[in-house]
Amino acid sequence: MNKVLIITGASKGIGLATAQHFASNGYRVVNISRSVCPLEGVTNVTVDLSDQAWLSTHGDAILSAVSGGKSDALDNVVLVHNAAMMTKDSVSHLQADVLRQVLELNVVAIAQLNALLIPCLPQGSAIIYISSTLGTKAVANTHAYVVSKHAVIGQMRASCQDLAGTMIHTAAICPGFTETEMLSEHLGANPDIRQQIVETIAHGRLAQPSEIADTVWFASQTPVINGAIIDANLGQIER
C-alpha cells in the first residue's frame, strides 16, 4: 500500500519519535522542517514555516515529495502538525512581533498546509494536531505559546466540522511535560524547576517522546477518534 506520513518538525523530539513509529509500520515519511530528520529513508523538504512566503516558494516541492514521483493514488495519508515554537513572555511584556512569529508557525502554517494537502488525502486519512496541555489551561510566562495552542485545538475542531462526509478524521493530542529539547531549552539548567514540574505529575516523571508517538499512532488509525482532544500527560495532580 502507498501510505504516507506528512509531518512537520520531525528532526527531533516528538516529531522524530513519531516519524520512527510510522516508518516502522510501513509508512513513507515526508518531513517538512528547517532541520533534516536523521532517519534513513525520510524525504526532507527544508522549509521555514514561520516565513510568510514559504507556501509560494516550497508548495510545489512539498506536493512532489508527497506523491513520491509516482502516479499511483495514495492509499492512506496521515498529516501531523507538530512543528511549534515556545517563547518566554507575559501579558504585560509580550511584544507584538513575537506573538506574530509564534502564531505564524504554530497556527497560520497549519492552516496553509491543510489547504495545500487536504486535496491529496484519500478517504480514511487523518489530520493530527499536536497541541499541548497548555491548549486547555495556562501557566504564567508562556503567553504566546498558550494562546497558539488554544488556537490549535480550535483548528482541529473546525477541521472536523469542515471535513464531515470526507471520511478524514481529526484529533488533537495534548502532551504534558515531555522530555524534549524544546522543554529543556525553555526550563533552562535549574534542576529545581524540573523537580517542581515532576511533582505535579501523577506518575512522578516526564513523558517520553515515544509515548506521545504511540498516542499519535492510535489516534491516526482510529476513525472513531474524530474531533477529539486526547490528554497525554501521565496524569496531573490537582492542587
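This is a predicted model: local features need pLDDT of at least 70, side-chain atom pairs count only at pLDDT 80 or more; totals for chains, interfaces and linings use all residues.

Visitor: OK, is serine 148 buried or exposed?

Guide: Buried, because its relative accessibility is 0%, and the cut-off for buried is under 20%.

Visitor: Which side chain does serine 148 make a polar contact with?

Guide: The partner is asparagine 106, and the contact between the two side chains is 3.0 Å.

Visitor: And what else is serine 148 in contact with, if I skip its neighbours within four places in sequence?

Guide: Besides Asn106, you get Val102, Leu103 and Val107.

Visitor: Switching topic: which residues does valine 77 touch, with the sequence neighbours left out again?

Guide: Valine 77 sits in strand β4, residues 76-81. Once neighbours within four places are set aside, valine 77 contacts Val4 and Ile6, then Cys120, Leu121 and Pro122, plus Ser125 and Ala126.

Visitor: Buried or exposed, that valine 77?

Guide: Valine 77 has a relative accessible area of 0%, so it counts as buried.

Visitor: How far is valine 77 from isoleucine 230, C-alpha to C-alpha?

Guide: That separation is 20 Å, for two residues 153 apart along the chain.

Visitor: Now the helices. At what angle do α1 and α7 pack?

Guide: About 55°, and the axes of α1 (residues 13-23) and α7 (residues 209-220) are 8 Å apart. That angle is why α1 is described as oblique to α7.

Visitor: What's the handedness of the crossing where α1 passes α7?

Guide: Right-handed.

Visitor: Which residues meet there, α1 against α7?

Guide: From α1 you have Gly13, Ile14, Ala17, Thr18, His21 and Phe22. On the α7 side they meet Pro209, Ser210, Ile212, Ala213, Asp214, Val216, Trp217 and Ser220. By type, the contact residues come out as 8 nonpolar, 5 polar and 1 charged.

Visitor: Last one: where is alanine 202?

Guide: In the loop that links α6 (191-198) to α7.

Visitor: What does alanine 202 touch, not counting residues up to four places away?

Guide: A run of Leu234, Gly235, Gln236 and Ile237.

Methods. Residues are numbered from 1 along each chain as its sequence is written. Side-chain values use heavy atoms; hydrogens and water are left out. Axes are lines fitted to C-alpha atoms, for helices over the stretch in contact, and angles run from 0 to 180 degrees between N-to-C directions. Helices (H or I, at least four residues) and strands (E, at least two) are DSSP runs, numbered from the N terminus. Angles under 35 degrees count as roughly parallel, over 145 as roughly antiparallel, 65 to 115 as roughly perpendicular and the rest as oblique. A crossing is left-handed if the near helix is turned anticlockwise from the far one by less than a right angle, and right-handed if clockwise. Contact means heavy atoms within 4.5 Å. Ala, Val, Leu, Ile, Met, Phe, Trp, Tyr, Cys and Pro count as nonpolar, Asp, Glu, Lys and Arg as charged, and the others, Gly among them, as polar. Buried means under 20% relative accessible area, exposed over 50%, partly exposed in between (1.4 Å probe, protein chains only). A polar contact is a pair of N or O atoms within 3.5 Å; within protein, one must be able to donate a hydrogen and the other to accept it, and residues adjacent in sequence count only if both atoms are side-chain atoms.
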